[in-house]
Amino acid sequence: PAFTQIRTSDDYGPSERDGQWRIGRSNLVAISLGLAPYKDPFFTSSRNETGGNTRGPEPFPQLQAAISTYSTGPVAFADGV
């Protein structure tokens with residue numbers, strides 16, 4: 001196949017896009033097309049990150065992690081190194 005995965009969430013931004021983790025309906029469409037849905041990367045900490053060009057903190061990192069995992073696609077983190 002030409003591609004096997006598709007992002008089903010809106011762009012991530014802590015506290016900016018409260019509903020971007022709601023990917024249920026779009027996941028169903030992706031799965032019915034044979035694609036692995038995934039959620040946009042997210043910050044994994046509820047503390048402010050130092051350095052880098054980040055905005056935060058993520059108020060609900062556990063929710064973000066759970067939704068990313070349940071999406072059945074790749075899970076990616078947006079934390080700085």
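A salt bridge, as the word is used here, is a side-chain nitrogen of Lys or Arg within 4 Å of a carboxyl oxygen of Asp or Glu. With that in hand, let us walk through this predicted model, in which a search of the whole structure turns up 1 salt bridge.

**The salt bridge**

The partners are Arg7 and Asp40, whose side chains meet at 2.8 Å, N to O. Arg7 belongs to strand S1 (residues 5-7) and Asp40 to the loop between S2 and H2, so the pair ties together parts that are 33 residues apart in sequence.

Leaving aside residues up to four places away in sequence, Asp40 touches Arg7, Ser9, Asp10, Asp11 and Tyr12.

**The chain as a whole**

Now a step back. The chain has 2 helices and 2 strands, and from the N terminus on its elements run β-α-β-α. Of its 81 residues, 27% count as buried. Its accessible surface comes to about 5500 Å², and 55% of that belongs to carbon and sulfur atoms. Among contacts between residues at least 6 apart in sequence, 66% join residues at least 24 apart.

The side chain of Glu58 reaches the backbone nitrogen of Phe60 at 2.9 Å. Glu58 and Phe43 are 15 residues apart along the chain, yet their C-alpha atoms are separated by 5.9 Å.

**An aromatic pair**

The structure holds 1 aromatic pair. How do the rings of Phe42 and Phe77 sit relative to each other? Their centres are 5.5 Å apart and their planes stand at 80°, so the pair is edge-to-face. This pair links distant parts of the chain, with Phe42 in the loop between S2 and H2 and Phe77 in the segment after H2, 35 residues apart. Phe42 is buried, at a relative accessible area of 1%, while Phe77 counts as exposed at 53%.

Here are the relative accessible areas of the residues discussed so far, side by side:

| Residue | Relative accessible area | Class |
|---|---|---|
| Phe42 | 1% | buried |
| Asp40 | 12% | buried |
| Phe77 | 53% | exposed |

Which residues of H2 are buried? They are Pro61, Gln64, Ile67 and Ser68. Seen down the axis of H2, these buried residues fall within an arc of 130°, so they line one face of the helix. The face turned away from that buried side carries the exposed residues Gln62, Thr69 and Tyr70. Just after H2, Thr72 takes a positive phi of about 75°.

Definitions and conventions. Residues are numbered from 1 along each chain as its sequence is written. This is a predicted model: local features need pLDDT of at least 70, side-chain atom pairs count only at pLDDT 80 or more; totals for chains, interfaces and linings use all residues. Side-chain values use heavy atoms; hydrogens and water are left out. Buried means under 20% relative accessible area, exposed over 50%, partly exposed in between (1.4 Å probe, protein chains only). Contact means heavy atoms within 4.5 Å. Helices (H or I, at least four residues) and strands (E, at least two) are DSSP runs, numbered from the N terminus. Accessible areas come from the Shrake-Rupley method with a 1.4 Å probe; for residues, only the protein chains shown count as cover. The arc is that of the directions from the helix axis to the C-beta atoms. A polar contact is a pair of N or O atoms within 3.5 Å; within protein, one must be able to donate a hydrogen and the other to accept it, and residues adjacent in sequence count only if both atoms are side-chain atoms. Rings of Phe, Tyr and Trp (its six-membered ring) pair if their centres lie within 6.5 Å; planes under 30 degrees apart count as stacked, over 60 as edge-to-face and the rest as tilted.
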